[in-house]
Amino acid sequence: MQDRTKGDGTGRDGTKRDRPDRSEAGSASRRLLLDVMLGKLARYLRMCGYDAAYALDHGVEADEALLALARDEGRRLVTRDRQLAERAPGGVRIDVRAVDDQLRELRAAGFELSLADDPARCGRCNGPVDPVEAGEPVPDYAPDPADTPCHRCRDCGQVFWKGSHWDDVRETLAGL
Ligand SMILES: [Zn+2]
């Protein structure tokens, strides 16, 4: 395992040893909460290595509940609701409907959008993922991990690899 806690400037005491989850290492701005209607954007952001929680996955929809969740979990709120974005510290307003336009808006707002070398978050549920060892059983839909590097979500069990969907996302990001 690589130790990503080295050299990123975080204090020794502040390092969360119990959550060896790369995307959280000293990078609070990579923790986001996506409002309803932004579920597709959340999946892209997860593939870019963001810890992108989605409101509906947490069963929250009301403004106060969203603000509380963002505050409690130290997440920046990304929303299409202007007033809500203004109320949330560091809130980000998304103005447009199409996901590639939304990605453009985020990039313009300073978000780094490129595919992570290795998946860090599950695109489906935002759970942390681990590499699958060669020889470990995988579901029928997945390739043999001995031939193709695969990752498995700790939370929902979904197995991922860099297949055609990965290429599609890379193309979308390159074309922004
Ligand atoms: Zn998952």
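Because the model is predicted, local features need pLDDT of at least 70 and side-chain atom pairs count only at pLDDT 80 or more, while totals for chains, interfaces and linings use all residues. Residues are numbered from 1 along each chain as its sequence is written.

**Overall make-up**

Let's start with the whole chain. The protein has five helices and seven strands; helices (H or I, at least four residues) and strands (E, at least two) are DSSP runs, numbered from the N terminus. Read from the N terminus, the order of elements is β-α-β-α-β-α-β-α-β-β-β-α. Of the 176 residues, 28% are buried. Here a residue is buried if 20 or more other C-beta atoms lie within 10 Å of its own, exposed if 12 or fewer, and partly exposed in between, with C-beta atoms placed from the backbone. Among contacts with a separation of 6 or more, 45% link residues 24 or more positions apart; a contact means that the C-beta atoms of two residues, placed from the backbone, lie within 7 Å.

**The sheet**

Four strands form an open sheet in the order β2-β1-β3-β4, with parallel pairing. β2 (51-54) and β4 (92-93) are the edge strands, each with a single partner, so one side of each has no neighbour in the sheet. Two strands pair if DSSP finds at least two bridges between them. For β1 and β2, the parallel pairing runs over four bridges, and R31 has D51 in β2 as its bridge partner. Helix α1 packs on this sheet, touching β1 and β2, and its direction makes about 160 degrees with that of β2. Axes are lines fitted to C-alpha atoms, for helices over the stretch in contact, and angles run from 0 to 180 degrees between N-to-C directions.

**Helices α1 and α4**

How do α1 and α4 lie relative to each other? Their axes come within 10 Å and cross at roughly 55 degrees. The two helices are therefore oblique, given that angles under 35 degrees count as roughly parallel, over 145 as roughly antiparallel, 65 to 115 as roughly perpendicular and the rest as oblique. At this meeting, K40, L41 and Y44 of α1 face V99, Q102 and L103 of α4 as contact partners.

The buried residues of α4 are Q102, L103 and L106. They cover an arc of only 100 degrees around the axis, which puts them on the same side of α4; the arc is that of the directions from the helix axis to the C-beta atoms. Part of the cover over these buried residues comes from α1. After α4 comes G110, with a positive phi near 100 degrees.

**Loop residues**

| Residue | Phi | Loop |
|---|---|---|
| N126 | about 75 degrees | between α4 (99-108) and β5 (129-131) |

M37 is partly exposed, with 14 other C-beta atoms within 10 Å, whereas N126 is buried, with 24.

Finally, G163 lies in the loop between β7 (159-161) and α5 (164-174). Is G163 buried or exposed? G163 counts as exposed, because it has 12 C-beta neighbours inside 10 Å. P143 is 20 residues from G163 in sequence, and their C-alpha atoms are 9.6 Å apart in space.
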